[in-house]
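Work through the exercises below with the model open beside you. Try each task before reading its solution.

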Amino acid sequence: MLPWNYGLHWSIGTAVFLGAFYTVLVIVVTTVISAAVRSRRVLRDGDADAVRWNSDFYALPARDRACRHELTGEVAQRECPNGFDCRKCDTHRMFLDRRTASTPGGKSYEGFGMTFPLDRLYHRGHTWVRRERNGTVTIGLDDFARHLVGRPDALDLPRKGERLRLNDTAWRMRKRNIDLRVVSPIAGIVLETDGPDGEWYLRVRPEQPDLRHLLEGFEVQPWVAREMERIQAALSAWGQAPEPGNNGQPDIAAVGADCPTACWEAVCGAMFLRP
Amino acid sequence: MISEKKPGKICRYGMAIDIDKCTGCGACVIACAVENNVPPGNEGATDLTGITWLRVFKVDNGEEYPARQAVYFPMMCQQCGVETPCYLVCPQQAVDVDPATGVVGQMPERCLGCRYCMAACPYHSRYFNWWDPKWPAGMEKTLNPDVAPRMRGVVEKCNYCHGRWHAARQRAAEAGLRDIIPGDYAPACVEACPAGAIQFGDLNDPSSAPAKAAKDPESFRLLVKLGTEPKVYYHSKREWARRIGDPSQAPAPKEPARG
Amino acid sequence: MDKRFIPAGVSRCSTGRFLLWLAPWAAMLLFGLYCAGLCLVKGLNQTHMNNRFAFGLWIFLDLTVIALGAGAFFTGFLLYILKRKELRAVINSAVAMGLMCYGGAMAVLGVDVGQPLRAWFTFWYPNVHSMLTEVTFCISCYLTVLLIEYVPIVLKNRKLRQVPSFLVFEHELHKLVYVFAGVGTFLSFFHQGSLGGLYGVLRGRPFAFREELGIWPSTFFLFILSAAAVGPSFILLTTWLVEKIARKRLVRPQVLQSLGRISGLLLAAYVLLKTVDTLIWLGRTTPRSGFLPAQYYAWRPFGVWILFAEIALFLVPMVILLLPKLRARAGWLVSAAAMACCGVAVNRFVLTIQTLALPTLSFDRFLQYLPSWQETGTFLAVLASAVLVYSISFRYFELFPEEGDLRRELLRAPVTEPALAGK
């Protein structure tokens with residue numbers, strides 16, 4: 001094995017054979033070590049959450065990763081290749097250019113017993129972002145999430161001055177002994193925090209003013225319809241179905257109370273994009 | 001490897017066995033076992049799991065009485081000279097072909113017990129230690145101190161009594177000679193045979209019995225067409241016996257030989 | 001109770017039922033370990049192998065199991081190097097199966113050799129003329145590669161991936177998976193071939209001996225080809241079996257048909273080359289060794305029928321798998337896959353057991369061998385451990401990434417019948 005082994009006959013064959021073996025060994029060990037080194041670097045730089053979002057995103061079924069332009073009907077079928085970060089996407093830019101200047105919206109969208117004001121932009125993880133006059137933004141949970149979760153039993157908000165990154169965990173809520181993580185819709189520094197009693201949860205100074213990756217105006221309605229489909233699919237995977245509410249529409253609030261804990265955890269995981 | 005760098009005469013030790021003379025007494029088998037510390041068969045050993053570096057087969061001509069004839073056929077490692085199958089297949093080079101003597105040596109200390117060499121050997125001259133070797137109480141006094149016994153799970157075979165070769169070289173060195181004194185080295189089976197059927201010598205020496213047998217048209221070797229160049233020459237005046245070495249002439253499947 | 005560990009989006013039976021499923025296999029494993037222990041402690045006299053039948057059941061089953069486990073490297077090659085994306089649905093299961101097959105084979109080899117503690121001698125004093133050296137090196141490396149490929153499957157477990165370092169390491173490993181797929185293919189090429197070369201170089205056994213192409217006997221290439229041909233069939237067979245046992249749809253039918261088609265194409269190449277090789281062997285190589293072809297098949301029970309059975313067990317599945325109409329029907333597809341697997345078992349059997357049974361010397365006799373219960377028990381331990389590890393992997397890891405999607409589709413449209421629920 002080694003050149004100085006007594007009695008080892010060295011020949012071209014031995015050299016080729018052992019050469020190949022050592023090459024393979026070196027390749028395998030180097031690859032594993034490089035993966036370990038890169039992992040350490042990612043963890044040290046605090047990028048672990050970005051990896052987690054990537055992993056969670058691709059853990060979602062293909063249909064749940066549908067591009068916003070598929071929801072609006074602008075394209076027949078498209079899977080988002082960017083983790084819902086439309087700022088990087090050339091296709092999104094192309095669609096934006098195609099859209100006419102005025103997109104009808106109205107003041108709010110009402111459907112399925114919920115209200116979605118259109119003065120704010122929505123993230124697919126059910127948070128909204130509203131631009132405030134002083135250059136900050138406020139972030140809150142939309143009606144869908146409020147109905148689903150109800151009033152959280154406990155809250156774990158970020159501290160003032162803490163840095164948020166897009167698609168990282170913005171804050172955690174505890175309900176029915178399940179830890180729910182809410183995906184952050186933007187990157188920025190937390191200035192103030194509030195809670196479910198107020199209108200918003202966080203006031204943040206955004207790192208950049210670009211909010212193109214968030215849903216707006218006429219996109220909200222098809223998105224909410226798809227979310228209703230998704231929650232019904234998630235429930236039926238557990239053999240559950242939401243009860244019809246007062247207006248004949250499925251009542252999401254009842255979901256939180258009725259279905260078993262494991263089912264609820266799975267449903268929340270799916271809806272908050274954290275399976 | 002053993003004698004890579006030692007100068008001296010290059011020998012190719014071989015044997016000439018006259019199967020017409022062999023009486024099947026088995027003295028060679030016993031002598032071999034005693035010389036080489038071959039353990040007695042363990043409980044449960046059969047003729048296929050016991051160790052016999054040298055074995056005598058009885059082979060007949062397949063005829064019925066009164067034309068039936070038989071010979072006794074001693075077989076040991078044929079010390080293949082070319083493309084030695086066991087040497088080529090051992091994964092950890094526990095088999096060594098000594099360039100100075102042509103003897104195929106086995107290193108039980110390096111043997112893993114994978115038995116690939118046993119599958120490779122066409123002459124079935126390799127034996128595996130299926131048990132731990134055990135000598136009955138008192139019998140350990142008969143052990144030969146010049147030969148190391150083997151452990152369980154390794155392969156062993158005839159090596160032309162290598163211990164005797166070493167002893168002969170020692171005597172030659174003490175006498176101030178470079179090469180072994182002719183006739184001083186012979187394996188135990190050669191010494192023990194009462195009929196003198198087994199002869200030993202250097203094939204490179206034209207006067208030795210094996211060298212003469214190599215040229216004798218009444219001699220034959222086993223499985224020559226395999227190309228292994230075995231160094232054991234068998235001799236018989238009987239034509240049917242000379243066909244023993246040619247497998248394509250084998251009689252149709254029937255009552256097998258008893259070993 | 002263990003629901004937190006079960007992957008999201010799929011359903012598994014209750015913990016109690018799972019333990020009930022595991023219990024008999026665990027018992028079999030314990031029995032097998034006892035048998036292996038007997039062989040290690042008391043010696044190989046516990047088997048029915050002898051000086052003439054130096055290789056027995058273990059070597060035959062090792063060779064078969066390694067040929068079947070070739071599905072792991074070949075699926076990896078097809079997916080990561082040739083970019084056949086549909087095989088993503090079975091790659092995890094293939095890697096798990098491969099790990100079971102190779103791990104089991106190595107474990108049995110540890111019992112089969114007389115001095116297992118000397119196994120490192122092969123690495124220290126390698127004999128490059130010997131095929132067994134090549135096999136040892138390649139299989140050791142390949143087992144390591146398979147373990148490395150299995151680690152991401154484990155780390156992606158629902159609970160384990162919540163540990164940030166596991167998640168990130170898995171992510172980084174997966175980015176480099178093509179390196180492992182390439183190395184695995186390279187290693188597998190050589191060890192599958194060397195396993196064939198083990199017998200092809202045996203000059204002393206004309207039944208096994210084959211002429212050389214380059215520095216390797218023809219069995220080297222035939223073994224690679226047969227392993228690559230049967231690997232996808234084995235993946236097909238095991239996937240179907242797991243679907244039946246778990247009563248779930250795990251893959252889309254197109255995936256299995258794709259595997260079947262690949263298998264069929266390679267089987268065609270194999271049958272052609274094997275026929276040519278057989279004719280050369282019988283017509284030229286054998287007479288040159290001084291034997292007659294008739295002598296190979298003169299002894300019962302190994303008559304000429306075994307030669308034809310071997311070729312038929314490759315030819316028939318080849319025909320079935322190449323016809324799209326038959327391939328589309330589950331019954332035909334799975335039967336063909338099973339036949340191909342049996343064909344490779346017969347091929348390995350012929351080269352190990354029949355080779356040793358046939359006499360070489362003219363006065364030799366034909367030998368019979370039946371494995372002892374200790375030998376059989378040891379191999380049952382391999383089977384049991386494979387089932388146990390695979391069952392645990394199936395329950396807690398995502399062996400079939402498409403399972404969740406298929407389940408959702410089924411719930412959305414229950415009128416669609418699963419395509420593989422029968423003929």
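Contact here means heavy atoms within 4.5 Å. This is a predicted model, in which local features need pLDDT of at least 70, side-chain atom pairs count only at pLDDT 80 or more, and totals for chains, interfaces and linings use all residues. Residues are numbered from 1 along each chain as its sequence is written, chains are lettered from A and ligands numbered from 1 in the order in which they are written, and side-chain values use heavy atoms, with hydrogens and water left out.

**Exercise 1. Describe the interface of chain B and chain C.**

Step 1. Count residues. Chain B brings 56 residues to the contact and chain C brings 55 residues.

Step 2. Take the area. Buried area is the accessible area (1.4 Å probe) that two parts lose on being put together, summed over both. For chain B and chain C this is about 4800 Å², with 59% of it on carbon and sulfur atoms. Leu48(B), Tyr116(B) and Trp130(B) supply 15% of the area that chain B buries against chain C, more than any other three residues.

Step 3. Count the charged pairs. A salt bridge is a side-chain nitrogen of Lys or Arg within 4 Å of a carboxyl oxygen of Asp or Glu. By that rule, 3 salt bridges cross between chain B and chain C. One of them joins Arg365(C) to Asp47(B), with the closest N and O atoms 3.1 Å apart.

Step 4. Find the main contributor. Helix 3 of chain B gives the most to the side of chain B that touches chain C, with 4 residues.

Step 5. Sort by class. Ala, Val, Leu, Ile, Met, Phe, Trp, Tyr, Cys and Pro count as nonpolar, Asp, Glu, Lys and Arg as charged, and the others, Gly among them, as polar. The side of chain B that touches chain C has 37 nonpolar, 9 polar and 10 charged residues.

**Exercise 2. Are Arg115(B) and Asp112(C) buried or exposed?**

Step 1. Locate the pair. Their side chains meet in a salt bridge (2.7 Å, N to O). The pair crosses between chains, from the loop between strand 5 (104-106) and helix 3 of chain B to helix 4 (residues 91-112) of chain C.

Step 2. Read the accessibility. Arg115(B) is buried at 1%. Asp112(C) is buried at 3%.

Step 3. Contrast another pair. Glu207(A) and Arg163(A) form a salt bridge (2.8 Å, N to O). Glu207(A) is partly exposed at 44%, and Arg163(A) is partly exposed at 47%.

**Exercise 3. Classify the ring pair Tyr185(B) and Phe200(B).**

Step 1. Recall the rule. Rings of Phe, Tyr and Trp (its six-membered ring) pair if their centres lie within 6.5 Å; planes under 30 degrees apart count as stacked, over 60 as edge-to-face and the rest as tilted. The structure holds 53 aromatic pairs over all chains.

Step 2. Apply the rule. The centres are 5.1 Å apart and the planes stand at 80 degrees, so Tyr185(B) and Phe200(B) are edge-to-face.

Step 3. Check burial. Tyr185(B) is buried at 6%, and Phe200(B) is buried at 14%.

Key. Helices (H or I, at least four residues) and strands (E, at least two) are DSSP runs, numbered from the N terminus. Buried means under 20% relative accessible area, exposed over 50%, partly exposed in between (1.4 Å probe, protein chains only).
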